[in-house]
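Welcome! Let us take a walk through this structure together, one step at a time.

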Amino acid sequence: MRRLNITAKIWLSVGVFILGYVLSTALSQIQGAEARASLRAASEALFPAAQRSQEAEAAFERMVKSFGDAVVMQDASALDRAAEDGQQVVAALRAVASIPGLAPGRSQAAGGLAASIERMLADARTTYGASLAGGLSASSQDRMRALAARTDEAKAALSRTKDQLAADLHLQLSALEESSARQESFGLAVFAATLILAGLIVHLTIRRSITGPVVRVIGGVQDAANEAARASAQTAQSGREVSNNAQEQAACIEETSASLEEISASTRQNADRAGEADRLMQAARQTVERAARAMNELTASMDLISKSSRHVAGVLKDIDEIAFHTNILALNAAVEAARAGQAGAGFSVVADEVRSLAHRAAEAACNSGSIIERTAGDVSKGVELAGHAHAAFQEVSSTIASGTQVVSQIASSSDEQARAIAHIGQAIARIEALTQRNVSNAQQMADGASAMTSQTDNTRRYLDDLMAVVGMRSE
Amino acid sequence: MKHLQIFLIATAVGICAAVTASAADIKVIANPNIGASSVSADELKGVFLVTKSSLSDGSHVEPVLEKDGPVHEAFVKEYLGKTDSALQTYYRSLVFTGKAAMPKTLAADAEVVAYVAKTKGAVGYVSAAASTAGVKTLEVR
C-alpha cells in the first residue's frame, strides 16, 4: 500500500467501491431467490394447510354440536348431519396430511388426528344412536362420558394443529419479512461499508501521500523559520549590544588615552623633578662638607683658645705671687717705717698704699683666674659641642648621599615608566582603531540580522498560505 | 277483547291450581347422615342442577328425582324454575358433555323415601302426605 503511487491508490479506492457495489447487488440477487423460494413454500404448503385446518376445526365444532343436538334434543336426524361434518373433518385433515412440502411432523400429526377422529366418529354414531334408541343406561352414560373426553382431546389436538400450522405460516412469513429486511439492511451495510472503505482509502491516501508530507514539510519549515527568526532576532539584539558596547568601549579608550597622556606628562615632570632633587642633594652635600670643614677649623680655634687661657692662668699666678711678695714687702717696709719713727711715718703711708695695691692686685688676679677657668670650661664644652656638630654633619652627609642615590633611582624609574606609558599609549591607539572597526562590523551584523528577520516573516506568510491550501489552521 | 283476555288468564290459573300441587304439598327429605336440618332454596337448586355436590355444612349430597307426577312437576317448577322436559334436556346435555350422570329417578314417594333412607347424602322430595320414616325432613328457607 505504501509503495503505490497516489494515482494507483485512488484507482484502488474506486475499484473497492465498484467491487462492493457488485458484491451487494449479487448478494441481493441470491437472497431474493431464497426469499422467492420461501414465499412459494409458504403459499403452496403452509397457507392451504392452515386454511384446511381451520376448516377442519369449524367442521369439528359443527359435528360436536350436531351430536349434542342428537343426544340432548333426541333428534335422530342430527346424527346424520354429525356424520357428514365428521367426514368433512377427516377429509380436511387428510388433505392437510397430503400437502407436499409440509413439515413431516405436521403431516403425521394431521394424518393421526384424521384417523383418531374417524374412529371417534364411528364410536359416537354407535353410542349416541344407542342412547337415542334405548335411553340413557348407565353403560351408555359411561361410554358417553368417555366419548366426551375423547371429543375434548380431539378438539384440543385439532386446535393445536390449527394453531401450529397458523404459527408456522406466521413464522414463515415473519422469517420472509425478516429475511427481506435483513437483505435490505445487509445490502445497505455492504454498500455503506464499501463506501466507507473507499472513502477511507481516499482519505488515507490524501492524508498520507499529500497532506501528511506537506504538513510535515510545513511543520519543519515553520520550525526552521521560527528558529531562524529567533536566532536573527537574537543576533540583531547581540549586534546592537556589541555596537553599543564597542562605542562605549571606544569612549572609555579615549578617556584612558587622555588619562595616559596626563600620566605620561606627570611621569616626565616627576623625572625632571627627581633630577632637580638629585642636583639639589648634590649641592646640599657640598654645603654639608663645607660646614664640616668649618667645624674642624672651629675646633682647632677652640683648642688654641684653651691653650691661651691656660697661658693667661700662668700669668695670673705670677701676678698673684708678685702681689703676695709685694704685700710682704709692704709689711716689711711698714715695720721698718715704724722703727724709723717719725722719719718713717711717710714711708709707712706709702707702704700701706703698696699693700692695698698688692691686695687689689691679688684680688684682681684671683678674679681673672676664676674667669679664665670658667672660660676654659666653656671652651672645652664648645669643643665637645663642635665634636657633636661634626658627627651630626657626618651623618647628614651620609643621609644625603643615600637620598641622592634614592632620588637617582626614582629618576631612572620615572624614565622607564615614561617609556612604558608611551608603549601603552601606542597599544591603546591600536585598540581604539580595532574598536572603531568592531563598531562598524557590529552595525553591519545588526542590519544583516534585521534583513534576515524580515525574510523569515515573508517565509511565515508563505507557509500560512500553504497551510490554508492543505486545510490546516495557522497557529 | 280485554275482558276475554282476563277471562282466559283466570281460567288457565284456575286449571293450573286444580291439576298441580303447590310448594306446601312437597316435603324435601334427606338421609339422616346429613347434619343440616334446613337448606336454602339456592342450595337446593344447586343440588338438583348438579352444580353443588355438598351443602354448606360440608355434607356430600346426591339428588333423587321422582318420575312424572304432580309432586315432581311442582318441585321442578317451584324450586328449579324449569319444566320437566327442560330439566331432562339439561341433564342430557350434562351427560353428553361428560360432566355428570343422569340423577336417580324413582317412580313413587315410597321408593324415594326408601332409597333416601338407605343412601348416604341422598336428597329427594315427596308429597307432604308421604311417610318419612327413616329420613329427615329438610326445611327450605
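Two strands count as paired if DSSP finds at least two bridges between them. With that in mind, look at chain B of this predicted model. Strand β1 of chain B is joined to strand β6 (residues 136-140) of chain B by three bridges, and the two run antiparallel. Within that pairing, Ile29(B) stands opposite Thr137(B) of β6(B). Strand β6(B) also pairs with strand β2 (residues 38-39) of chain B, this time in the parallel sense and over two bridges. Here Val39(B) has Val140(B) as its bridge partner in β6(B).

Now turn to a helix. Which residues of helix α5 (residues 109-118) of chain B are buried? They are Asp109(B), Val112(B), Val113(B) and Val116(B). Looking down the axis of α5(B), you find these buried residues within an arc of 100°, so they line one face of the helix. That buried side packs against β1 (26-30), β3 (62-66), β4 (104-106) and β5 of chain B. On the face turned away from it, α5(B) carries the exposed residues Ala110(B) and Lys118(B).

How confident is the predictor in what you see? Chain B has a mean pLDDT of 83, with 83% of its residues at 70 or more. Where pLDDT is low, the predicted coordinates should not be read in detail. For the complex, the predictor gives an ipTM of 0.75 and a pTM of 0.49.

Key
Residues numbered from 1 in each chain as written. Chains lettered and ligands numbered in written order. Predicted model: local features only at pLDDT ≥ 70, side-chain atom pairs only at ≥ 80, totals over all residues. pLDDT = per-residue confidence, 0-100. Buried ≥ 20, exposed ≤ 12 C-beta atoms within 10 Å, placed from the backbone. Helix = DSSP H or I, 4+ residues; strand = E, 2+ residues; numbered from the N terminus. Arc of directions from axis to C-beta. Contact = placed C-beta atoms within 7 Å.
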